[in-house]
Amino acid sequence: MRPTLSWTPTEDLLPGTTSLAPVADALSAGGVLVLSGAGISTESGIPDYRGEGGSLSRHTPMTYQEFTADALARRRYWARSHLGWRTFGRARPNAGHGAVAAFGRHGLLAGVITQNVDGLHQSAGSEGVVELHGSLERVVCLSCGAFSPRRELARRLEEANAGFEPVAAGINPDGDADLTDEQVGDFQVVPCDVCGGTLKPDVVFFGEAVPPQRVERCRELVRQAASLLVLGSSLTVMSGLRFVRQAAQAGKPVLIVNRDPTRGDRHAVTRVALPLGAALTTVAGRLDIPDDLVDGQVAG
Ligand SMILES: [Zn+2]
């Protein structure tokens, strides 16, 4: 579930450090499970909900309940999401994604779990990424369960909405743009082309549970890992925090790289408060991973 939207740090948190030594040590020992959040994609131009200027200050993400119950809410969602898709389609992986892919190629990782729906780890070359909250690349029909590529839906929406060119106030990490009701106007949604049912992006909405098989896959990755490295997540929602707790309870070191305090700090051996791209590039350098392997732009 992702219902907890408001959380303010309490006093029993780790102070942030700038020392990368524990992170480099964990990686050189191998078996590191990466858990990444929106903070790793901000350097690719996709803002965090909760960071400075985060979009939660502008609007609350749509819940699963709203989406399924209200046709007008769905129309609003798809108008925003269709516009946001153009931005996501242009986003490129950054040095942080590139470093994670390089760690994987060098055999240092037990796996990558991401809370992001932007596909940028895969674009940078990471393999076997578990997308905890799904992916914007796919669409699912709520009636017949058919999956289809998002780019196909984007083409159908373009056709149904010729001339829809509003200028959005901003973009959110879940891939929707900020639009006023006036800008949404008479945007037309399109139905499932198999059964005529309601289409939803294959992402876990706020108020919706992560599929149990996916949670179990992640739990298994934690069991197999030597340590857990959290990159760019405030761990505000339980869907990610539970793996931090699992690792800590199993006595596995939890290391966090995040600018701000996180809800997992009490379980961590360190929290590095540095920008991710620079921090991970520095770590890669200390591990003698060649520079060409940590260029996040290679997949562009
Ligand atoms: Zn269908």
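A crossing of two helices is called left-handed if the near helix is turned anticlockwise from the far one by less than a right angle, and right-handed if it is turned clockwise. I start there since handedness comes up for each helix pair. What you have above is a predicted model.

Take helix 4, residues 95-105, and helix 10, residues 276-286. Their axes are 8 Å apart and the packing angle is about 30°. With the cut-off for roughly parallel at under 35 degrees, helix 4 counts as roughly parallel to helix 10. The crossing of helix 4 with helix 10 is left-handed, in the sense I opened with. On the helix 4 side the contact uses Ala95, Gly96, Ala99, Val100 and Phe103; helix 10 supplies Gly277, Leu280, Thr281, Val283 and Ala284. Sorted by class, that contact holds 7 nonpolar and 3 polar residues, with no charged ones.

Next pair: helix 8, residues 212-224, with helix 9, residues 238-249. Here the axes come within 10 Å and the crossing angle is roughly 30°, so helix 8 and helix 9 are again roughly parallel to each other. Which hand does the crossing of helix 8 and helix 9 have, left or right? It is right-handed. Helix 8 makes the contact through Val215, Cys218, Arg219, Val222 and Arg223, and helix 9 through Arg242, Phe243, Gln246 and Ala247. The class count for helix 8 with helix 9 is 5 nonpolar, 1 polar and 3 charged.

Helix 3 passes helix 6 with a left-handed crossing. From helix 3, Trp78, Ser81, His82, Trp85 and Arg86 meet Arg150, Arg151, Leu153, Ala154, Leu157 and Glu158 of helix 6. That contact has 5 nonpolar, 2 polar and 4 charged residues.

Now the metal site. Which protein atoms are the donors of the zinc ion? They are the SG atoms of Cys141, Cys144, Cys192 and Cys195, at 2.3 to 2.4 Å from the zinc. The arrangement is tetrahedral, because the 4 donor atoms subtend angles of 102 to 115° around the zinc ion. Along the chain, the donors follow the spacing C-x2-C-x47-C-x2-C. As for where they sit, cysteine 144 is in the loop between strand 4 (134-141) and strand 5 (147-149), and cysteine 195 is in the loop between helix 7 (181-184) and strand 6 (199-203), so this pair ties together parts that are 51 residues apart in sequence.

Note on methods: Residues are numbered from 1 along each chain as its sequence is written. This is a predicted model: local features need pLDDT of at least 70, side-chain atom pairs count only at pLDDT 80 or more; totals for chains, interfaces and linings use all residues. Side-chain values use heavy atoms; hydrogens and water are left out. Axes are lines fitted to C-alpha atoms, for helices over the stretch in contact, and angles run from 0 to 180 degrees between N-to-C directions. Helices (H or I, at least four residues) and strands (E, at least two) are DSSP runs, numbered from the N terminus. Angles under 35 degrees count as roughly parallel, over 145 as roughly antiparallel, 65 to 115 as roughly perpendicular and the rest as oblique. Contact means heavy atoms within 4.5 Å. Ala, Val, Leu, Ile, Met, Phe, Trp, Tyr, Cys and Pro count as nonpolar, Asp, Glu, Lys and Arg as charged, and the others, Gly among them, as polar. Donors are N, O and S atoms within 2.8 Å of the metal (3.2 Å for Na, K and Ca); water is not among the atoms, so sites may look incomplete. Four donors count as tetrahedral if all angles lie between 85 and 135 degrees; four count as square planar and six as octahedral if opposite donors are over 155 degrees apart and all others between 65 and 115; anything else is irregular.
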